[in-house]
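Subject: A structure for you to look at

Hi there,

Here is the structure I promised to pass on to you. Please open it next to this email, and then read on for what turned up.

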Amino acid sequence: MKYDVIVLGIGGMGSATAYHLAKRGCRVLGLEQFNIGHDLGSSHGVNRIIRLAYVEDPRYVPLLRRAYELWREIEHLANERLLFITGGLDIGSIVQASLRSCREHGLPHERLDAAEVHRRFSGYRLPKGMAAVYQPDGGFVLSERAILAYVTAAQALGAEIHAREAVRQWEVKRGQVVVHTDQDTYRAAKLVITAGPWAARVAPLLPAVPERQVLIWTQPRRPEYFRLGAFPVFNMATNEGHYYGMPIYGVPGFKFGKYHHRGEAVDPDRMDRDCHPEDEKILRDAIRRYFPDADGPTMAMKTCMFTNSPDGHFILDLHPDFPQVSIAAGFSGHGFKFACVVGEIMADFALEGGCSRFDDLSLFSLSSR
């Protein structure tokens with residue numbers, strides 16, 4: 001059977017892409033090498049932070065505004081809550097970048113000192129002199145549930161999704177894309193690559209490097225400080241590292257991680273998926289310093305992967321040699337919140353050869369790397 005579009009990789013970005021293509025009437029095939037909703041890539045671990053004040057670059061904010069709309073849309077379709085608003089704090093050396101995004105886009109916000117952060121949100125114990133920006137729209141998205149919601153919605157519109165089918169090779173012949181898997185060969189007018197940590201395997205030109213990441217959930221000694229409604233999500237840059245975390249949800253513990261945990265570039269098929277005492281120490285040291293009331297017993301630890309581009313910005317573009325092929329990759333540890341809008345953008349690339357719904361996507365072009 002010939003398809004209009006094949007989507008390679010059905011994680012966060014691929015599931016949303018399959019849905020948006022099917023919504024536009026395309027005959028879609030989605031190929032996933034593992035189970036749908038697997039825990040071997042980048043989108044597991046219950047939830048992911050979403051934040052409207054964006055320290056990485058103010059140009060992300062229009063995409064985020066659309067993302068909030070699209071998360072509510074898929075919530076409605078799935079009849080399931082996926083987006084939780086908790087408020088969000090940007091803390092430490094990223095405060096000026098957060099303020100820039102807030103001011104440039106007119107986002108409601110407050111600048112707080114360490115004492116005020118602790119007075120309002122008792123779980124935080126920031127050192128004197130450390131500042132924060134509070135933005136009330138911050139929160140988290142249920143990442144695993146969101147993937148399942150998008151796959152279900154895509155299937156309801158006629159998309160065909162194959163799990164446990166690995167792509168071995170793809171090529172362009174006579175203007176069409178031919179995809180060879182370990183089970184069959186498929187043809188389509190267009191191909192979208194959303195393969196996460198495996199993206200550079202199927203598109204070797206991509207400057208996208210997988211990195212091992214470790215997350216911990218600890219049982220707080222004062223759980224009332226870390227419950228929903230009492231504890232905003234945070235993004236915190238300190239001299240010791242760049243950390244993130246969120247309130248208790250899904251696992252009975254405070255979720256905490258460090259960006260670029262130990263700086264370990266990895267082969268996604270051979271990554272060490274165990275969690276070790278040295279991994280826990282890195283995270284515990286920071287919890288004890290900044291969140292001492294969360295320093296209780298470990299509830300869970302998990303590994304996942306970042307896939308880093310050279311500049312930390314996403315890659316959303318057409319393949320430079322094959323205009324039939326579009327690519328979403330290199331989400332660098334801050335991409336899941338955008339999955340819904342990336343799906344919409346990649347549907348534009350596949351069907352229109354570009355995306356005109358946003359004024360400027362040059363930040364995400366391959367040629368800028």
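Let's begin with leucine 206 and its surroundings. Beyond its neighbours within four places in sequence, leucine 206 is in contact with Ala199, Ala200, Ile315, Ile327, Ala329 and Leu366. Please keep in mind throughout that this is a predicted model. You can find leucine 206 in the loop that runs between helix H6 (199–202) and strand E13 (209–218). Its relative accessibility is 5%, so leucine 206 counts as buried, the cut-off being under 20%. Now try picking out serine 309 as well: 103 residues separate it from leucine 206 along the chain, yet their C-alpha atoms are 8.4 Å apart.

Next, have a look at histidine 334. This residue belongs to the loop between strand E19 (325–329) and helix H8 (339–352). Is histidine 334 buried or exposed? With a relative accessibility of 4%, histidine 334 counts as buried. A polar atom of the histidine 334 side chain lies 2.8 Å from the backbone oxygen of glycine 312.

Serine 332 has a positive phi, about 55 degrees, although it is not a glycine. At 7% relative accessibility, serine 332 counts as buried.

Asparagine 79 is not a glycine either, and its phi is positive at about 55 degrees. Its place is in the loop between helix H2 (61–78) and strand E4 (83–85). Here the relative accessible area is 73%, which means that asparagine 79 is exposed.

Because its relative accessibility is 61%, and exposed means over 50%, arginine 168 counts as exposed. Which residues does arginine 168 contact, leaving aside neighbours within four places in sequence? They are His180, Thr181 and Asp182. The C-alpha atom of arginine 168 is 8.2 Å from that of valine 202, which is 34 residues away along the chain.

Finally, zoom out to the whole chain. Its secondary structure comes to eight helices and 19 strands. A compact globule of 369 residues would have a radius of gyration near 21 Å, and the chain agrees with this because its own value is 20 Å. Along the principal axes, the C-alpha atoms fill a box of roughly 65 × 45 × 40 Å.

How much of the chain counts as buried? The figure is 59% of the 369 residues. As for contacts between residues at least 6 apart in sequence, 73% of them join residues at least 24 apart. The accessible surface comes to about 14,600 Å², and carbon and sulfur atoms account for 47% of it. The chain has 43 positive and 43 negative charges, and the mean positions of the two sets are 2 Å apart.

Enjoy exploring, and write back with any questions!

Best wishes

Notes: Residues are numbered from 1 along each chain as its sequence is written. This is a predicted model: local features need pLDDT of at least 70, side-chain atom pairs count only at pLDDT 80 or more; totals for chains, interfaces and linings use all residues. Side-chain values use heavy atoms; hydrogens and water are left out. Helices (H or I, at least four residues) and strands (E, at least two) are DSSP runs, numbered from the N terminus. The radius of gyration is taken over C-alpha atoms; the globule rule is 2.2 Å times the number of residues to the power 0.38. Buried means under 20% relative accessible area, exposed over 50%, partly exposed in between (1.4 Å probe, protein chains only). Contact means heavy atoms within 4.5 Å. Accessible areas come from the Shrake-Rupley method with a 1.4 Å probe; for residues, only the protein chains shown count as cover. Lys and Arg count as positive and Asp and Glu as negative; His and the chain ends are not counted. The place of a charge is taken as NZ of Lys, CZ of Arg, CG of Asp or CD of Glu. A polar contact is a pair of N or O atoms within 3.5 Å; within protein, one must be able to donate a hydrogen and the other to accept it, and residues adjacent in sequence count only if both atoms are side-chain atoms.
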